[in-house]
Amino acid sequence: MFSSLEDIIFEFFNMYLRNSAFDLVLPVFESSLPVFLVAVVFLVIFAVYCKKKYGDMIYRVFLFMGMLGLSAFFAHYGSHFFAFERPRPYQEIAGTMYYDSKDKTWLQAQYAVSEGYHPFEQQTEADKNGLAEKEMSEEDVQKDALAETAQAANGQNDVLQAEDSEKQVEPPLRMDLNALRIKWIDGSSKKLFPSSVISISMAIAFVIALLMAKTSPYIYLFPLLIGWSQIYTGSAYLSDLLVGWCVGLLSVVAAWLCFAFFFKLTGKYI
């Protein structure tokens, strides 16, 4: 039941809710860079706020940095502790729109991987066929040239040199295409469930909401945006978001307990 609902939600956000503005902006939020920038921006805002209101600004800024860093640490390793590899949506759902970060372009999956769709493998076979035809035509041209040279020169040396040049012809890119095919099939393009980027985004938003109460609940739009971009770019399912957000919240609780234990030992409080 949940799997069917998850597929419907994914197809709605990935295939139907699309426009050129989303195509331009949302791939930026797929990476961990916006998460880092948001943390830095709110750290600066928090430092300015503490400088105006509190005398012990350095202590409170370091506290904020520690909470952010420890929460992100727990979120990252927490999302990998119980994680397992799973295919990305564009490897399972036909028609999925996904963003190729290397070529900076949008592509569409035509077939599911379970049905034997391997883009690199198909590309390899096509290139091999084209390469073979090209080699055959090159060989014919070379043979004709060799025959004419042999007849004109009437010498054995020219024939031997032509054979040597023919042996030096190597098919270009064959090994590279084979490597791409192997890279796709061996599962290296899969991702971990849940994604650490999703977990860390929620952890940072939760810390900011706790220590800067005026930002709540608006700061939670940030992990929602990260999650939306993950679905929109074909990188995650709804379950990735839900589990990742839960891991992020639990990581902040764990970091808060660590700081509470530290305060209890030192007798110093916020």
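**Group meeting: a walk through the predicted model**

Let me begin with Val207, which, once its neighbours within four places in sequence are set aside, is in contact with Phe64, Met67, Leu68, Ser71 and Val252, where contact means heavy atoms within 4.5 Å. Residues are numbered from 1 along each chain as its sequence is written, and side-chain values use heavy atoms, with hydrogens and water left out.

Val207 also belongs to the largest nonpolar core, a set of 32 residues in which Val35, Phe64, Met67, Ile204, Val207 and Ile208 touch the most other members. A nonpolar core here is a set of buried Ala, Val, Leu, Ile, Met, Phe, Trp, Tyr and Cys residues joined through side-chain atoms within 4.5 Å, and buried means under 20% relative accessible area, as against exposed at over 50% and partly exposed in between, with a 1.4 Å probe and protein chains only. Helix 3 (33–53), helix 4 (57–81), helix 8, helix 9 and helix 10 (238–266) each supply at least two residues of this core, and helix 8 gives the most, with ten residues. Apart from this core lies another, of nine residues, among them Phe10, Met202, Ile231 and Leu241.

Staying with helix 8, we find Ser196 there, and this serine is buried, with a relative accessible area of 16%. Leaving aside neighbours within four places in sequence, Ser196 is in contact with His76, Ser79 and His80.

What joins Ser216 and Pro217? The answer is a cis peptide bond, with omega at about 5°, and Pro217 lies in the loop between helix 8 (196–211) and helix 9 (221–232). As background, most residues other than glycine have a negative phi, and most peptide bonds are trans.

That brings me to the hairpin of strand 2 and strand 3, which has four residues between the strands and in which Lys104 takes a positive phi near 55°. Strand 2 (residues 97–100) and strand 3 (residues 105–108) pair in the antiparallel sense over four bridges, pairing being assigned if DSSP finds at least two bridges between two strands, and Tyr99 stands opposite Trp106 in strand 3. Lys104 counts as exposed, at 59% relative accessibility, and its C-alpha atom is separated by 9.2 Å from that of Pro27, 77 residues away along the chain.

Turning to the whole protein, the secondary structure comes to ten helices and four strands, where helices (H or I, at least four residues) and strands (E, at least two) are DSSP runs numbered from the N terminus. Of the 270 residues, 36% count as buried, and residues 24 or more positions apart account for 75% of the contacts with a separation of 6 or more.

Finally, a word on confidence: the protein averages a pLDDT of 74, with 67% of the residues scoring at least 70, pLDDT being the predictor's confidence in each residue, from 0 to 100. Confidence is lowest in helix 7 (residues 174–185), at a mean of 35, and highest in helix 9, at 93. Over residues 112–126 the pLDDT is below 50, and this stretch has 23 contacts in the model beyond near neighbours in sequence; residues 166–189 are likewise below 50, with 34 such contacts.

Note on methods:
This is a predicted model: local features need pLDDT of at least 70, side-chain atom pairs count only at pLDDT 80 or more; totals for chains, interfaces and linings use all residues.
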